[in-house]
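Here's a quick walk through the disulfides and the sheet of this one. Have the sequence and the coordinates open as you read.

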Amino acid sequence: MMKYIAAVALLCVAFVYAQSPSPCCTPDQWQGYNFAWDYERDFRAGLNISYDATNSLMAIALSESHGPEHQRTYDIISNYDLKRQYIYDFRRKECYTTDLTEEFPKECIPDDAQFLASATIGATLPVDIFGFRVNETLIFATVAANCIPVEATTIIRDNGRGEPDASTSHFWDITAGIADPSVFTPNAACVTAPKPLEQAVHLAEGVLSGHHKFRMPCSFRKSH
């Protein structure tokens with residue numbers, strides 16, 4: 001009888017394990033809003049994201065702030081077929097360009113991520129939670145059905161002052177497809193009077209340090 005019970009228990013464990021969600025990739029085309037907050041430094045960034053893996057395009061309308069006195073807004077368009085990125089600074093009305101050296105960054109939870117739990121946000125939204133490490137950084141990624149991004153938390157063991165640092169990124173109003181392809185068209189200044197990115201010493205932290213840090217890719221891709 002004990003052997004029978006043990007065998008059934010093992011089968012149940014195997015069944016539950018087999019049903020655990022696997023790491024996934026977001027849909028090939030989607031748009032939505034991403035809000036990121038590094039509360040250690042009171043650094044906030046809001047991003048309207050248009051993600052098009054089908055055509056290797058990314059557009060981000062970025063607003064970021066270090067408190068009420070330091071707010072900046074940019075349009076950032078990345079064309080991975082042309083290997084070109086355009087950054088338009090609304091405050092200065094100037095456009096900066098730079099070369100892209102990487103391939104289009106597919107937004108995926110890495111294969112070696114560990115499934116942590118399934119849960120329900122609020123009363124109705126079922127989600128899956130994964131965890132993984134990038135060097136000394138611990139990342140928790142939360143996704144809904146079809147790998148729609150919901151939230152990501154990044155924890156750095158040492159922020160340079162011997163203390164841990166954490167930032168959280170939330171995703172809202174995600175819709176499938178690209179409603180208006182013109183979001184991938186650079187500002188006219190990017191065609192008539194572009195400047196090399198090296199001249200943009202005034203650009204805000206989120207742009208110069210890698211604006212992609214504040215979209216889902218930062219939280220989901222191990223390459224960053």
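A residue counts as buried here if its relative accessible area is under 20%, as exposed if over 50%, and as partly exposed in between. Cys-147 comes in at 4% relative accessibility, so it falls in the buried class. Keep in mind that the model is predicted.

**The disulfides**

How many disulfides does a search of the whole structure find? The search turns up three. As a reminder, a disulfide is a covalent bond between the sulfur atoms of two cysteines.

Here are the pairs with their sulfur distances and S-S torsions:

| Pair | S to S distance | S-S torsion |
|---|---|---|
| Cys-24 and Cys-147 | 2.1 Å | about 75° |
| Cys-25 and Cys-108 | 1.9 Å | about 105° |
| Cys-95 and Cys-190 | 2.0 Å | about 100° |

Let's start with Cys-24 and Cys-147, whose sulfur atoms sit 2.1 Å apart. With a torsion of about 75° around its S-S bond, this disulfide is right-handed. Cys-24 belongs to the loop between α1 (2–18) and β1 (29–38), while Cys-147 is in the loop between β9 and β10, so the bond ties together parts that are 123 residues apart in sequence. Cys-24 is buried at 19% relative accessible area.

Next up is the bond from Cys-25 to Cys-108. The torsion here is about 105°, so this disulfide is right-handed too. Cys-25 is in the loop between α1 and β1 and Cys-108 in the loop between β6 (94–99) and β7, so parts 83 residues apart in sequence get tied together. Cys-25 is partly exposed at 36% relative accessible area, whereas Cys-108 is buried at 17%.

That leaves Cys-95 and Cys-190, joined by a disulfide. Its torsion is about 100°, which makes the disulfide right-handed. Cys-95 lies in strand β6 and Cys-190 in helix α2 (residues 189–192), so the pair links parts that are 95 residues apart in sequence. Both ends are buried: Cys-95 at 1% relative accessibility, and Cys-190 at 7% relative accessible area.

If you number the bonded cysteines of the protein chain in sequence order, the pairing reads 1-5, 2-4, 3-6.

**The sheet**

Now for the strands. There are 12 of them in an open sheet, ordered β7-β8-β9-β10-β11-β1-β2-β3-β4-β5-β6-β12, and the pairing is mixed. From one strand to the next, the twist averages 20°.

Strand β9 (residues 137–143) runs antiparallel to β10 (residues 149–156), with seven bridges between them.

Leaving aside residues up to four places away in sequence, Thr-137 touches Phe-132, Thr-154, Ile-155 and Ile-156.

On to β11 (residues 165–176), which pairs with β10 in the antiparallel sense over six bridges. There, Ile-155 stands opposite Ala-166 in β11.

Definitions and conventions. Residues are numbered from 1 along each chain as its sequence is written. This is a predicted model: local features need pLDDT of at least 70, side-chain atom pairs count only at pLDDT 80 or more; totals for chains, interfaces and linings use all residues. Side-chain values use heavy atoms; hydrogens and water are left out. Two strands pair if DSSP finds at least two bridges between them. Helices (H or I, at least four residues) and strands (E, at least two) are DSSP runs, numbered from the N terminus. Axes are lines fitted to C-alpha atoms, for helices over the stretch in contact, and angles run from 0 to 180 degrees between N-to-C directions. Contact means heavy atoms within 4.5 Å. A disulfide is a pair of cysteine sulfur atoms within 2.5 Å. Buried means under 20% relative accessible area, exposed over 50%, partly exposed in between (1.4 Å probe, protein chains only).
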